[in-house]
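This report describes the fold of one protein chain.

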Amino acid sequence: MDDCKSYFLETGRMVSFEYTLLAGINDEKKHAEELAELLRMCGGGYHVNLIPYNPIEGSEYKRPYRKVVQTFVDALEARKITINVRRTRGLDANAACGQLRNEFQKNPLLEIEPSPSTERTLVTA
């Protein structure tokens with residue numbers, strides 16, 4: 001946090017923090033209060049992007065309900081924290097951020113074009 005404060009003071013540019021909300025893990029009002037307290041150590045010049053988790057197949061994590069996200073937002077705003085909530089697009093088609101990457105990992109690209117006499121070599125991300 002000291003580095004973030006120094007960066008802001010030296011450059012005048014805001015520091016953005018990405019905070020992914022995971023249902024039942026870090027999405028409670030007390031977590032928002034803890035985040036606000038941590039950010040106060042920066043002294044100012046920060047912004048928070050809240051990202052409700054996009055569920056992916058095989059993950060134990062869940063997306064928080066809209067009401068839970070709003071309670072988190074309200075708790076931060078009450079403490080004068082500037083925030084944005086990332087809008088999710090493509091969730092219904094499993095094409096939201098993180099979901100496409102998961103699909104890619106399941107189907108890696110071929111490194112070379114296979115020939116009848118060459119075995120396939122897979123490239124993993």
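Helix α3 lies across β1, β2 and β3, running at about 170° to β3. Here, contact means heavy atoms within 4.5 Å, and angles run from 0 to 180 degrees between N-to-C directions, with axes fitted to C-alpha atoms, for helices over the stretch in contact. Helices (H or I, at least four residues) and strands (E, at least two) are DSSP runs numbered from the N terminus.

This is a predicted model, in which local features need pLDDT of at least 70 and side-chain atom pairs count only at pLDDT 80 or more, while totals for chains, interfaces and linings use all residues. Residues are numbered from 1 along each chain as its sequence is written, and side-chain values use heavy atoms, with hydrogens and water left out.

The chain has 4 helices and 3 strands, arranged from the N terminus as α-β-α-β-α-β-α. The strands form an open sheet in the order β1-β2-β3, with parallel pairing; two strands pair if DSSP finds at least two bridges between them. At the edges are β1 (15-21) and β3 (83-85), each pairing on one side only. From one strand to the next, the twist averages 20°. Strand β2 (residues 46-52) is joined to β3 by 3 bridges, and Leu50 has Val85 as its bridge partner in β3.

| Helix | Lies across | Angle |
|---|---|---|
| α2 (residues 29-40) | β1 and β2 | about 155° to β2 |
| α3 | β1, β2 and β3 | about 170° to β3 |

Which residues have the most contacts inside the largest nonpolar core? They are Val48, Leu50, Phe72, Leu76 and Ile81, in a core of 19 residues. Such a core is a set of buried Ala, Val, Leu, Ile, Met, Phe, Trp, Tyr and Cys residues joined through side-chain atoms within 4.5 Å, where buried means under 20% relative accessible area with a 1.4 Å probe, protein chains only. Helix α3 gives the largest share of this core, 5 residues. Beyond its neighbours within four places in sequence, Leu76 is in contact with Ala32, Leu35, Ala36, Leu50, Ile81 and Ile83. Of the 125 residues of the chain, 29% count as buried.

Mean pLDDT, the predictor's confidence in each residue from 0 to 100, is highest in helix α3 (residues 66-78), at 96, and lowest in helix α4 (residues 99-106), at 50. Over residues 91-96, pLDDT stays under 50.

Methods: Buried means under 20% relative accessible area, exposed over 50%, partly exposed in between (1.4 Å probe, protein chains only).
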